[in-house]
Amino acid sequence: MIILINAYHCKLIIVHSFQVQFAYWITIAGIDGNNKVGSSSIVLSGGYVDDEDMGDVIIYTGHGGNPNGGKQVADQSWDSRGNKALIISELHGLPVRVTRGANHKSIYSPKVGYQYDGLYFVTSHFEEIGKDGYTICRYRLEKERSIVQNNDFNNETKRQQTTILRIVRDSKISRKVKELYGYSCQICNFTIAVKSVMYAEGAHIKPLGIPHNGRDKLDNLLCLCPNHHVMLDKGAFAIADDLTLIGIPGSLKMQPSHILERDNLAYHRSHVFINHE
Ligand SMILES: [Zn+2]
């Protein structure tokens with residue numbers, strides 16, 4: 001992949017729909033971030049004094065407030081499309097490609113030109129006052145290989161180095177079910193909003209992959225909040241054919257166009273919920 005950047009001090013946050021096969025590259029002024037796309041790439045090119053680069057961990061400054069690429073002269077806003085795109089990447093667990101330029105002051109930067117440095121995940125965002133005295137949007141990015149699950153809880157050193165990230169599968173069809181319900185949970189109706197970015201999870205009734213081999217199709221998917229997603233996956237409740245819930249009170253809220261495959265409900269009841277009564 002070739003990245004062409006003319007301006008040394010431009011901050012590039014590249015928005016990319018993960019549902020299409022081609023990336024489209026837009027300078028920050030032209031970013032069209034919304035609930036469908038996250039940021040696929042960032043470029044560290046030395047334009048922001050607050051960027052901190054520890055190699056596998058980057059504390060990245062958002063876009064805005066320095067129109068000339070020099071000093072910060074205004075506050076940054078979470079409503080900026082590029083800044084919102086990185087929150088979408090965080091909430092959806094989407095990887096972000098990181099490229100470092102020679103002008104970025106870091107021992108990890110190349111001597112000349114630009115260098116692609118792999119995939120990172122946005123693991124948190126926060127706000128603080130930058131070195132120039134204005135509010136800046138901040139993101140913690142962690143390199144993909146540094147995010148590993150570690151069950152060796154006797155090893156304190158390893159535990160300190162480990163971040164466990166719950167990455168939620170987000171397919172095209174999973175986004176479709178979330179949009180169908182406006183990102184509100186089909187059980188509790190709750191919608192999570194983070195900096196005006198809505199979050200819900202696409203939950204498969206018959207689990208994907210071996211040994212269950214459920215399908216990633218609308219008739220096997222629900223739009224759920226994280227709590228109810230985990231409860232479904234772990235069999236804390238099940239769903240009867242009439243869509244009332246078994247194990248917890250209530251029933252599924254359904255859009256008329258959303259028809260569930262009853263075989264998937266039956267499979268979940270017998271293989272995941274495992275009701276022995
Ligand atoms: Zn819920």
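Ground rules. This is a predicted model: local features need pLDDT of at least 70, side-chain atom pairs count only at pLDDT 80 or more, and totals for chains, interfaces and linings use all residues. Residues are numbered from 1 along each chain as its sequence is written.

Overview. The protein chain has 5 helices and 13 strands. Those are DSSP runs, numbered from the N terminus: H or I of at least four residues for helices, E of at least two for strands. Of the 277 residues, 33% are buried. Buried means 20 or more other C-beta atoms within 10 Å of the residue's own; exposed means 12 or fewer; partly exposed is in between; C-beta atoms are placed from the backbone. Now contacts, meaning C-beta atoms, placed from the backbone, within 7 Å. Take those between residues at least 6 apart in sequence: 59% join residues at least 24 apart.

On to the cores. A nonpolar core is a set of buried Ala, Val, Leu, Ile, Met, Phe, Trp, Tyr and Cys residues joined through C-beta atoms within 7 Å. The largest has 18 residues. Which of them touch the most other members? Ile42, Val96, Val98, Tyr120, Val122 and Leu141. Two or more residues each come from β2 (38-44), β4 (57-61), α1 (81-92), β5 (96-101), β6 (114-129) and β7 (135-143). Helix α1 gives the most, 5 residues. There is a second, separate core of 16 residues, and Ala203, Leu224, Cys225 and Leu265 are among them.

Next, helix α4, residues 226-233. His228, His229 and Leu232 are its buried residues. They sit on the same side of α4, because they cover an arc of only 105° around the axis. The arc is taken over the directions from the helix axis to the C-beta atoms. What do the buried residues of α4 pack against? Strands β10 (201-204) and β11 (221-224). After α4 comes glycine 235, with a positive phi near 75°.

Last, helix α5, residues 262-273. Asn264, Leu265 and His268 are buried here. Down the axis of α5, the buried residues fall within an arc of 100°, so they line one face. The buried residues of α5 pack against β12 (238-239). Just after α5, isoleucine 274 takes a positive phi of about 55°.

Technical notes:
Two residues are in contact if their C-beta atoms, placed from the backbone, lie within 7 Å.
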